[in-house]
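Please read it with the sequence and the model at hand.

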Amino acid sequence: MKIIHTFDDVSIEHEGTLIICDIDDTLFRYERNLNYFYKNLKHSFPELTEAELTKHSSDIYATYVKNRKPSPTDYDGFIRMMCKVLETKGKLIFVTSRNECSTEYTKLEFKSIGICYTYFNVYYTNNEISKGQFIQDKLDMDGVEHLIMIDDQTTNLKSVKQHCPNAECYRFVYRTNE
Ligand SMILES: [Mg+2]
């Protein structure tokens, strides 16, 4: 697993490579993440159970993102990577653990960072199964010889590696002041 801070470091060496890219904290990000609300809630309300903390912090986070606009993590790098994808007759799709009911909202987020949503196929796992399982069960991988996975979460990358051992995995770590 390689750690990258820019999409420029994704090396596409084969024609027809399929790139599977994550959305949250990979394509774009919000200033605060879910963990921020989780930690603060836990600090303020130590009596809450784990399940309550998870539920409440998710609710607060959902409200937060509805009232903010995301920022691209690396817009220029993403566009340059897309050029490489096109030059090499590859394809890039998004697989997110978001719920399918957030489709309309996701479209607005793509629009707000200047990326055309309908140009891509975007798949939602609804957080029901791992990304690796999802790729194996729901995507047509026939004829895909070269697979690249980009995600900020190691658990997602590990699950992909488990189901698609040949996948080249990149962990995207956002870095400020590049
Ligand atoms: Mg993510």
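In which sense do β1 and strand β8 (residues 168-172) pair, and over how many bridges? The two strands pair in the parallel sense, over three bridges, where pairing requires that DSSP finds at least two bridges between the strands. Ile4 has Phe172 of β8 as its bridge partner.

## Basis of the description

This is a predicted model, in which local features need pLDDT of at least 70 and side-chain atom pairs count only at pLDDT 80 or more, while totals for chains, interfaces and linings use all residues. Residues are numbered from 1 along each chain as its sequence is written. Helices (H or I, at least four residues) and strands (E, at least two) are DSSP runs, numbered from the N terminus.

## The sheet

Six strands form an open sheet with parallel pairing, in the order β1-β8-β7-β2-β5-β6. Its edge strands, each of which pairs on one side only, are β1 (2-4) and β6 (122-124). On average, and with direction ignored, neighbouring strands of this sheet are turned by 25° against each other, the axes being lines fitted to C-alpha atoms, for helices over the stretch in contact, and angles running from 0 to 180 degrees between N-to-C directions.

Strand β2 (residues 18-21) is joined to strand β5 (residues 91-96) by four bridges in the parallel sense, and here Ile19 stands opposite Leu92 of β5. The pairing of β5 with β6 is likewise parallel, over three bridges, with Val122 of β6 as the bridge partner of Phe94.

## Domains

Two domains are assigned, domain 1 (2-30 + 72-172) and domain 2 (34-66), with bounds that come from an automatic or database domain assignment. Their C-alpha centres lie 27 Å apart.

## Helix packing

Helix α1 (residues 34-44) packs against helix α2 (residues 50-66) at an angle of about 125°, with the axes 9 Å apart. That makes α1 oblique to α2, since angles under 35 degrees count as roughly parallel, over 145 as roughly antiparallel, 65 to 115 as roughly perpendicular and the rest as oblique. The contact (C-beta atoms, placed from the backbone, within 7 Å) involves Leu34, Phe37, Tyr38, Leu41 and Lys42 of α1, and on α2 residues including Leu53, His56, Ile60 and Tyr61. By class, the residues of this contact divide into seven nonpolar, three polar and one charged, with Ala, Val, Leu, Ile, Met, Phe, Trp, Tyr, Cys and Pro counted as nonpolar, Asp, Glu, Lys and Arg as charged, and the others, Gly among them, as polar.

The axes of helix α5 (residues 131-138) and helix α6 (residues 154-163) come within 6 Å and cross at roughly 40°, and α5 and α6 are therefore oblique to each other. Lys131, Gly132, Gln133, Ile135 and Gln136 of α5 meet Asn156, Ser159, Val160, Gln162 and His163 of α6, a contact with two nonpolar, seven polar and one charged residues.

How values were computed. Two residues are in contact if their C-beta atoms, placed from the backbone, lie within 7 Å.
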